[in-house]
Amino acid sequence: MPQDSAVRPYAGETYYGCPALKASPFGWKTAGYIFLAGLSGSAQILGTVADLGGGREKRNLVRNARGLAIAGTVVGPALLIGDLHTPSRWYNMLRIFRRTSPMSIGSYILTGFGAFSALTLGADRLGLAGVARVAQVPAAVAGTGMSVYTAALLSATSTPLWAASPRLLSVRFGASAMASAAAALSLGERLGGRPEGAETLDRVAMAASAVDLVASVAAEREYKAEGVAGPVEEGPWAPVEKIGAIAVGAAVPLVCHAINARRERPSAALSVLGSLAILAGGMALRSAMLHAGNRSATRPRDYFRFARPRPALDHRPAPDRIAR
Amino acid sequence: MAVSMGVPARALDYADPILPGLIPDEAELTAGVRIEPGKSYGFFTDTTLCIGCKACEVACKEWNALPADEVGLTGNSYDNTGRLSANTWRHVAFVEKIGTNGKRAAEMAPFQSNWLMMSDVCKHCHNAPCLEACPTGALFRTEFDTVVVQQDICNGCGYCVPACPFGVVDLNEVDGKAHKCTLCYDRLKGGLEPACAKSCPTDSIQFGEVPDLVEKARARVEDLHGRGAVDAYLYGAPGEPGATGDLGHLNAFFLLTDRPEVYGLPTAPTRASNRVAPALGAGLATMAGLTLAAIALFATNRFATNRRR
């Protein structure tokens, strides 16, 4: 006999509206770390690209990039340890390696990134350009991990908003990280009176912003399709996501840099505006996703819509089996 | 083991009200199970037998020395416990199905007074997302196939909290560690039945080896169906709702009579770690593409600069 309770699609039932999940304890420190990890990781990538293929006049850019990478490896772990509830045991993060845990994977990425970034900058300062040139490659490889592992960290949870679109969240974080690094380094070039370097970086930022914008729009659609879009459609984090992350973080810089790219003499003001928008938007993206995700965990209907049977995912058709 | 009137024969060895000490393999007397490392243990919680007495909640708090959470009234039927938390490892849910839209019921279906009562607990998932998320190895699988947080390892990163698909694991803000049901790991080591199951007066909570429990549970569902309670089904047993999304079966599984969501449970929870590869893959591909773009842009710029010279 078919059971009504098991076969009928979900119609909004909850247990007194109580959350069916617990929200992560992550707050502004984690959001700040995700932003900084992306910024410093991607800065190391751009520094390496500029060092190996950018010519002598990119020397200051390379040095700035290496400095940004070090900033990430100094401030980043401080933020992470500050977010632990038993910070004195921070070293237990390196007690085991667990490939199912992005937190564990990330601990090793951060350790490797920090070690090679320090070696790169240290060798550079000591005049050992050859050592720096070799050490920056593994640092840059770790930098790609720094830029995106944080998206895997959020996605590999049961929090509906984070879990609904693992690929697009990761594309957004990665593109935003690359755009942020290019923006920060572009500002450095402007301040240093080297507009040519800034113009190249602005084009990198433009490409990254374009990817970010497309992925953001696609992600919004996926959240709606999964029934988990509530926290980015309404409430305090909706404007941070829509205006901060998408409009300011991706659309504005794309327009600024696109106008500049078509100009004979690119405008410094547009370049700086685009760069600042990317940095502000990058932080907005991480804050919005983190806090909206925490909200989504406390919305039982979002979770129950997300945790519906998916025959393609499960090895069996879920509701049919219990109907007997 | 010889059993008469439901009492194992060996129980007569302990007829004296003053016990000489710990009874060896006591679970054999209280649950008919000898607890041995290497076997898989769990709970079968049959909600059709639950009377909502909360003895399990109390026994759990007593044995594990857990303090009360905030004391107050929720307004949600007799459930003033609210939720599983760092200090609450059994939670009895109450759903009153008597009357709708604020109206008193004029007639009642003949089943369990139309109250759903369900003692919720950590599911001790086969592929436990909390364990898979734990970066320190504090969360581990014991020799009894249960999932436990080692308090001397946990550094309170809190990643297990959003990883859990059932909202079970919780951080204690006072001691800064993650806590959840241990399936009475210490009692199992001493041959004792877990406190909640031992205290359950109706055997709604049954402790045992998981394969035996699943067999018993399936027979119970058949029995209930035969008696007209056609909505009865298992949640978390192999191949049933709750044991979805690559989680595998749940060592603590349930017999329910309404949709899982009514009890606050997801129909098809998923294994969070399955999202690591897609996320990392898409992200690294994005980074590779943007890095190539950067290489091309820097090379173009260098070429242009050289030409101007």
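Start by selecting domain 2 and domain 3 of chain B: their centres, taken over C-alpha atoms, are 49 Å apart. Chain B is split into domain 1 (1-30), domain 2 (36-270) and domain 3 (274-309), with bounds that come from an automatic or database domain assignment.

Before you go on, a word on what is on screen. This is a predicted model, in which local features need pLDDT of at least 70 and side-chain atom pairs count only at pLDDT 80 or more, while totals for chains, interfaces and linings use all residues. Residues are numbered from 1 along each chain as its sequence is written, chains are lettered from A and ligands numbered from 1 in the order in which they are written, and side-chain values use heavy atoms, with hydrogens and water left out.

Next, select residues 276-299 of chain B, which carry the UniProt annotation "transmembrane region" from an unreviewed entry; such annotations may be inferred rather than shown by experiment. This span is 100% helix and 0% strand, and its end C-alpha atoms lie 34 Å apart. Helices here are DSSP runs of H or I with at least four residues, and strands are runs of E with at least two, numbered from the N terminus.

Now move to chain A. The unreviewed UniProt entry puts "transmembrane region" on residues 31-53, 65-85, 105-123 and 267-285. Pick 31-53 of chain A to see 100% helix and 0% strand, with 33 Å between the end C-alpha atoms. Then try 65-85 of chain A, where the figures are 90% helix, 0% strand and 32 Å.

Show both chains together for the interface. Counting heavy atoms within 4.5 Å as contact, 97 residues of chain B meet 92 residues of chain A. The two chains bury about 7,200 Å², 61% of it on carbon and sulfur atoms; this is the accessible area (1.4 Å probe) lost on being put together, summed over both parts. Which three residues supply more than any others of the area that chain B buries against chain A? Highlight Tyr159(B), Arg259(B) and Phe298(B), which supply 11% of it.
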